[in-house]
Each structure stands twice: as structure tokens, then as C-alpha cells.
Amino acid sequence: MSLHMVTVGNNLALIQPGFSLMTFDGQVFFFGQKGWPKRSCPTGVFHFDIKHNNLKLKPTAFSKDSCYLPPLRYPATCAFKGSSESEKHQYIIHGGKTPNNELSDKIYVMSVVCKNSKKVTFRCTEKDLVGDVPEARYGHSIDVVYSRGKSIGVLFGGRSYIPSTQRTTEKWNSVADCLPHVFLVDFEFGCSTSYILPELQDGLSFHVSIARNDTIYILGGHSLANNIRPANLYRIRVDLPLGSPAVNCTVLPGGISVSSAILTQTNKDEYVIVGGYQFENQKRMVCNIVSFEDNKIEIREMETPDWTPDIKHSKIWFGSNMGNGAIFLGIPGDNKQALSEAFYFYILKCAEDDLNEDQKTLTNSQTSTEDPGDSTPFEDSEEFCFSAEANSFDGDDEFDTYNEDDEEDESETGYWITCCPTCDVDINTWVPFYSTELNKPAMIYCSHGDGHWVHAQCMDLAERTLIHLSEGSNKYYCKEHVEIARALQTPKRVLPLKKPPLKSLHKKGSGKILTPAKKSFLRRLFD
């Protein structure tokens with residue numbers, strides 16, 4: 001095992017406890033920033049590009065037929081192989097926290113639709129569920145099992161807010177363990193069914209799960225109701241015959257007491273468990289090897305990495321699995337120094353990069369700790385600190401600072417451009433013009449042709465108009481193209497004039513005689 005410190009070149013403030021990493025074709029992608037997506041990457045999904053122990057978060061894009069994916073922390077994620085070639089490798093995302101501390105109950109499916117040397121384009125779709133729909137939660141697990149040529153998702157554990165009938169002003173944001181129900185989710189048809197298994201007595205959160213063929217192993221986790229980390233090991237087996245699925249659970253010996261551990265796969269039948277907590281005020285510094293042989297599971301301690309003094313003395317740590325036996329770890333920075341980073345990051349390599357795509361077994365773990373706060377609460381303490389939440393994405397984050405090496409990536413996002421002949425936004429002297437601007441000038445999308453971005457300041461937009469346009473879905477046209485857009489607009493339909501017969505204008509015996517001038521006017525009117 002080798003441990004290397006990583007320098008984050010940009011967007012450092014986005015990497016907070018609760019993020020997730022997803023691997024597509026050997027490339028790692030970051031998801032789950034603490035605030036709403038910034039202008040540096042509206043999708044909130046970044047390419048995790050690491051070269052020579054230097055990390056850069058590069059923006060990605062979503063296809064036009066994608067749904068909106070909010071930034072979610074502590075969701076349940078797992079890889080899923082579909083039946084068609086276009087669905088060869090997907091990720092399932094369920095639940096999680098939004099920046100407003102709301103909990104999601106939605107399921108999203110992510111896949112890659114386009115990839116080039118500069119940017120990756122994803123497709124994200126939302127799956128509607130019917131039946132026993134799992135309630136909104138976080139800190140749970142979702143895995144995919146395969147039986148008799150079919151596949152199905154298995155969801156378990158987590159935490160959710162207490163029912164609204166029990167919420168008071170003091171306990172409005174209190175959470176409770178979810179019921180220990182096992183949900184089977186059919187991703188193709190959107191059907192969900194819950195099962196009550198007598199062996200599962202607690203709705204464990206931040207546990208570790210391993211899916212192998214038709215079986216899922218649940219180990220570790222934290223019970224909020226009892227404030228314990230039981231050293232239990234559960235084996236949940238799912239059979240998918242032509243009729244109703246059969247689900248059974250077995251309690252196995254040899255479990256470990258840990259929560260928020262990180263799981264990574266080192267070879268076909270072997271995994272490594274790193275990190276987590278064994279008590280509320282104590283990190284778990286021991287690493288474990290989980291090996292499988294003849295459908296038997298064995299968990300044993302292994303030689304620990306050469307932890308740095310900073311890691312040993314830090315009270316919290318968090319991270320996620322990067323795939324190929326590598327783990328991304330973060331610890332708080334030294335707050336005693338005025339210019340210290342918020343977090344320091346490391347990569348722990350538990351094995352060589354010798355896994356191929358067919359050897360990888362789908363794994364999942366709830367890896368991150370809860371927001372640190374002033375009293376350094378862990379993920380299990382659930383001390384919600386709204387002042388810390390708000391200050392974390394109020395615009396003071398010092399990220400996306402300009403440097404010449406990143407000029408290509410900056411041009412990709414379109415902020416430092418000449419949007420019109422009179423554009424006066426200078427990359428070196430730009431200062432915020434609107435109160436809503438953070439670190440980049442506000443942009444408005446012109447819908448003319450293939451579309452292009454323009455600076456709101458250059459278009460002389462009032463801030464009230466800017467906010468109105470950003471909230472709605474109305475099309476906007478810049479100064480150069482607004483006249484073209486008006487010319488292309490379909491004229492409003494005008495009802496035809498009714499043409500009364502001429503004889504009605506001159507009735508016999510009425511005494512009214514049309515003069516030549518009136519006759520000429522009527523002739524021009526109706527001709």
C-alpha cells in the first residue's frame with residue numbers, strides 16, 4: 001500500500017464531506033459538491049483528472065435530453081451494466097442531501113454519450129417508481145444483483161427526517177434510522193417492493209455493502225437509535241424466478257464494528273476496507289481485507305499504510321473509492337494558519353492497476369463523514385449546523401482563479417470571451433457588476449442559431465431582468481440577434497374583416513345616396 005499527497009489545482013472548495021466518485025472506462029468523475037452548481041460547471045459533475053499527484057476538476061456536460069441532476073451528498077450509488085451496448089456501463093444514484101438540507105427520494109441513471117479529449121458528455125435520466133417507494137434518505141446503499149439472467153436493485157438502510165407530525169421547532173431537522181426494510185427496485189419497469197426480514201432489526205446507516213452475483217453482504221454501519229456500531233455481518237440472497245422474487249437473510253460470524261468506511265476492490269475476489277470510525281470520537285486506523293472463496297467470506301486485518309502525522313492526529317476524515325484499488329482521502333487543514341487549506345487530500349493505492357472491466361464486482365459504501373462544524377461532529381452524531389452549511393457556499397470560496405495553464409478549460413466554459421463587438425469584460429481587471437455574481441461574470445444564453453453565450457453586463461441588463469431570465473425558460477436574444485429574431489417571429493393572427501354586401505349600404509327608399517367619393521372609397525376597401 002502506498003500513500004501520496006495530492007495537490008488540488010482548482011475548485012478546491014467543492015470537495016467537501018459527502019461527495020461521490022464514479023468511474024467510467026477508467027476515468028474518474030466527481031459528483032456531490034456542497035453548494036448548487038457554480039458557473040464553472042453548471043452540471044456539477046467534474047472529470048477527476050490527476051497527473052503527477054496534481055488534481056484538476058474539469059467540467060463535463062449533459063446531453064440535451066438529460067434531466068436536471070441536483071448536487072447530492074451522501075447518496076447511494078452503484079455501477080450497473082445494461083443489456084444494450086449503449087447502456088453497457090451506467091451509474092444508479094438514489095437519495096442524498098441537497099444544499100438546502102432537503103432529502104431526495106429520486107433515482108437517477110447516468111451514462112456517457114460522448115467523450116473527446118476536452119470534455120465528456122453524460123446523459124442523466126430520472127426513473128419514476130411505483131409500488132413500495134423508498135422514502136427520501138441518505139447514508140444508505142443501493143446495489144445490483146443478478147439471478148437467472150435477470151437483474152434487480154437492492155436498497156437498504158440510511159437515515160431520514162422524522163415524520164412531520166413529530167417535528168417541532170427544536171427537532172425540525174432531527175433524523176432517525178430508516179426502517180430495516182429491504183427494497184427490490186426494477187430499473188427497467190420502475191417497480192419497487194419492500195421486504196421485512198426478521199434478521200434485520202436495525203436500519204443501519206453508513207455501512208459497507210458488497211454485491212456478488214445474487215448476493216449482497218452488509219457489514220458495519222451505525223444504529224442511531226441505539227448509538228452503536230454492531231459487529232454484524234449479513235448475507236442477503238435474492239432469487240429471481242419467473243414469479244415473485246425470493247429474498248432471504250443470514251447472519252454470519254466474523255463481522256467488524258465500523259461506520260463510514262471506504263471499500264475498494266483489489267482483485268476479482270478481494271476487497272480492502274479503509275477508514276471509518278469505531279467510536280464516535282475515534283477513527284478506525286485498522287485496514288481489513290475481505291476475501292471470497294467458494295461463496296465464503298473472510299475478513300482479516302492487514303498491514304496498515306504509513307499514515308502521516310496529519311492523518312493520525314486529525315479527528316475526522318472522509319473520502320471515496322476511485323476504482324482499481326485506489327482511495328481518495330481528505331482530512332481537515334490546519335485552521336491555526338490563516339492561509340491554510342480547508343482540507344488536505346491523499347491517494348491511497350491498495351493494489352496495482354491490473355483490474356479489467358469484466359473482473360470488477362460492483363461495490364458500494366457510505367464513505368463520507370458529516371459536515372465537520374465547530375465541535376467536529378462525525379457523520380454519526382448528526383449535529384446539523386446551519387451556519388456552517390450556509391457559509392460553505394456563500395461565494396467566499398476561492399476557486400477557479402485564473403492561470404495560463406487553465407486557459408483552454410476556461411474557454412470551454414465561455415466566460416472569458418468577446419461576446420460582442422463592444423464587449424469590455426477584461427479577464428485581468430473584471431470586478432463583480434451584479435450582486436449575484438460570484439467569481440465569474442454573469443452570462444446569458446442567446447438562442448439564435450446554435451446559440452452562444454453573452455455577458456449580461458455587456459447587454460445592459462438590469463439585475464432584476466437577469467434574475468428573471470435565469471429562473472425561467474424563456475428564450476433570450478442578444479443585441480445583435482434580437483432584430484433577426486423579431487423578423488423570424490410569426491405575425492399575430494388577425495381576424496379577417498367582414499365584408500358586408502354593397503346592397504346593404506344602399507337600401508331602396510332609404511333616401512341615402514352614395515356619392516362618387518364614397519363609392520371610390522368602398523371600392524378600394526373591398527377590392
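## A first look at this structure

Five strands make up an open sheet, ordered 6-10-9-8-7, with mixed pairing. Strand 6 (61-62) and strand 7 (76-80) are the edge strands, each having a single partner, so one side of each has no neighbour in the sheet. Please keep in mind that this is a predicted model.

- Strands of a sheet pair through backbone hydrogen bonds, in either a parallel or an antiparallel way.
- Strand 7 and strand 8 (residues 90-94) run antiparallel and are joined by five bridges.
- Across this pairing, T77 sits opposite I93 of strand 8.

**A loop residue, L242**

- You will find L242 in the loop that links strand 20 (233-239) and strand 21 (246-252).
- L242 has a relative accessible area of 88%, and because exposed means over 50%, L242 counts as exposed.
- Although L242 and K150 are 92 residues apart in sequence, their C-alpha atoms are 9.9 Å apart in space.

**The annotated binding site**

- An unreviewed UniProt entry lists C419, C423, H455 and C458 under "binding site".
- These residues span 40 residues in sequence, but no two of their C-alpha atoms are more than 8.0 Å apart, so they gather at one spot.
- C423 belongs to the loop between helix 3 (407-413) and strand 32 (443-446), and with 18% relative accessibility it counts as buried.
- Leaving aside residues up to four places away in sequence, C423 touches I417, T418, H455 and C458.
- H455 is part of strand 33 (residues 452-455), and at 0% relative accessibility H455 is buried.

Conventions. Residues numbered from 1 in each chain as written. Predicted model: local features only at pLDDT ≥ 70, side-chain atom pairs only at ≥ 80, totals over all residues. Heavy atoms only, no water. Pairing = 2+ DSSP bridges. Helix = DSSP H or I, 4+ residues; strand = E, 2+ residues; numbered from the N terminus. Buried < 20%, exposed > 50% of the residue type's maximum accessible area, 1.4 Å probe, protein only. UniProt positions renumbered as here; feature names shortened; annotations may be inferred. Contact = heavy atoms within 4.5 Å.
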